[in-house]
Amino acid sequence: MNIILLGPPGAGKGTQAKLIASKYKIPHISTGDMFRETAASGSELGTKLQGFMSKGALVPDELVIEIVKNRFLKEDCAKGFLLDGFPRTVVQAQNLDKILLEKKTKIDHVISLSLSDEEVIKRLSSRRVCRVCGAPYNILTQKPKVDGVCDKCFGKVIQRSDDNPETIKQRLKVYNDQTTPLISYYKKTCVLFEADGSGTVEEVFKRICDFIR
C-alpha cells in the first residue's frame, strides 16, 4: 500500500505518520529523513544536497525527485511506503507518478489532514521547548511543573522563533499556496481522503484507519 500524507504545520502529521506506518508495516519516508541520509552518504548526490542545505537554500525539484527515486529502490519499499512531506507541489506529484509508473505501481491513498488556520495557530503558538535538552512542552496541555523551567534538566523553557503567531501565519500561507493545487490534482485521481485533524490523536487515527479499511 502506497500512501501520501498531507497536512498543514501543527496538524499532527508526524504523529499520525508513525502510527500508520507501524499499523500497516510500511516504511515512513519523510523528506527530512531522506535529505539527512543522502547528505551523510558521501555520494555525489549527497554532496550536491549538502551544498544547498548548508546555505539554507531551497533544494531544486530535480534533486528532490532524484533523492526520492533512489529511496524507492531500497528493499523496504517493496511492499509499500508512507510519504510524509513529499510531494509539496503539482510538479513534484507529476514526477512522482512517472517514477511509480516505471516501478509498475501507483499511489493508493492520499490522506490530507484538515485543520482550521485558527486551530493551527493555537496549537503551534502554545508549543514550548527546553533550550538545553530539547524536551517538548505545551502551555495548554503539557506545562512544565515550574513555569519556564524544564522538569528534566532544569533548563530554560522557551518558545521557538518559528512558533510565534506571525511566523505561523506565513508558514500557513506558503503551505496553502503550494498544497491547494496539489489537493485538486489528487482529487482527479479519486484517491484523496480529507481527514478532520481536530480531536485527540486516537480520534484522528481512527478516522484514517476507517477510511483505509
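Student: What should I know about the model before I start?

Tutor: The model is predicted, so local features need pLDDT of at least 70 and side-chain atom pairs count only at pLDDT 80 or more, while totals for chains, interfaces and linings use all residues. Residues are numbered from 1 along each chain as its sequence is written, and side-chain values use heavy atoms, with hydrogens and water left out.

Student: Thanks! How are helices and strands picked out and numbered?

Tutor: Both are DSSP runs, numbered from the N terminus: helices are H or I with at least four residues, and strands are E with at least two. Two strands pair if DSSP finds at least two bridges between them.

Student: In what order do the five strands of the open sheet come?

Tutor: The order is 2-3-1-4-8, and the pairing is parallel. Strand 2 (28-30) and strand 8 (192-196) are at the edges with a single partner strand each, so one side of each has no neighbour in the sheet. From one strand to the next, the twist averages 25° (axes are lines fitted to C-alpha atoms, for helices over the stretch in contact, and angles run from 0 to 180 degrees between N-to-C directions).

Student: How many bridges join strand 2 to strand 3?

Tutor: Three bridges join them, and the two strands run parallel. You can find the pairing by looking for H28, which stands opposite L82 in strand 3.

Student: What about the open sheet of three strands: is its pairing parallel or antiparallel?

Tutor: That sheet has antiparallel pairing, with the order 6-5-7. Its edges are strand 6 (136-138) and strand 7 (157-158); each has a single partner strand, so one side of each is left without a neighbour in the sheet. Strand 5 (residues 127-130) is joined to strand 7 by two bridges, and V129 stands opposite I158 in strand 7.

Student: Now a helix, please. How many residues does helix 8 have?

Tutor: Helix 8 (residues 201-212) has twelve residues. From its first C-alpha to its last it reaches 17 Å, close to the 16 Å expected at 1.5 Å a residue (the expected span is 1.5 Å times one less than the number of residues).

Student: Which residues of helix 8 are buried?

Tutor: Let us set the terms: buried means under 20% relative accessible area, exposed over 50%, and partly exposed in between, with a 1.4 Å probe and protein chains only. In helix 8, V204, F205, I208, C209 and I212 are buried. Seen down the helix axis, these buried residues fall within an arc of 135°, so they line one face of helix 8 (the arc is that of the directions from the helix axis to the C-beta atoms). E202 and K206, on the other side of helix 8, are exposed.

Student: What do the buried residues of helix 8 pack against?

Tutor: They pack against strand 1 (2-6), helix 1 (13-24), strand 4 (109-114) and strand 8. Contact here means heavy atoms within 4.5 Å. Let us look at one residue in helix 1, I20. I20 counts as buried, at 0% relative accessibility. Leaving aside neighbours within four places in sequence, I20 is in contact with I3, K25, L82, F205 and I208.

Student: And H109: is that residue buried or exposed?

Tutor: H109 is buried, with a relative accessible area of 16%, and its place is in strand 4. Beyond neighbours within four places in sequence, its contacts include M1, V191, F211 and I212.

Student: How do I read a salt bridge?

Tutor: Side chains of opposite charge can pair when their charged atoms come close. The cut-off used here is a side-chain nitrogen of Lys or Arg within 4 Å of a carboxyl oxygen of Asp or Glu. A search of the whole structure finds 17 salt bridges.

Student: Which residue forms a salt bridge with K206?

Tutor: K206 pairs with D210, their closest N and O atoms being 2.9 Å apart. Both lie in helix 8, four residues apart, about one turn of the helix. An α-helix has 3.6 residues a turn, so residues three or four places apart point the same way. K206 is exposed, at 52% relative accessible area, whereas D210 is partly exposed, at 32%. R213 also forms a salt bridge with D210, with closest N and O atoms 2.5 Å apart.
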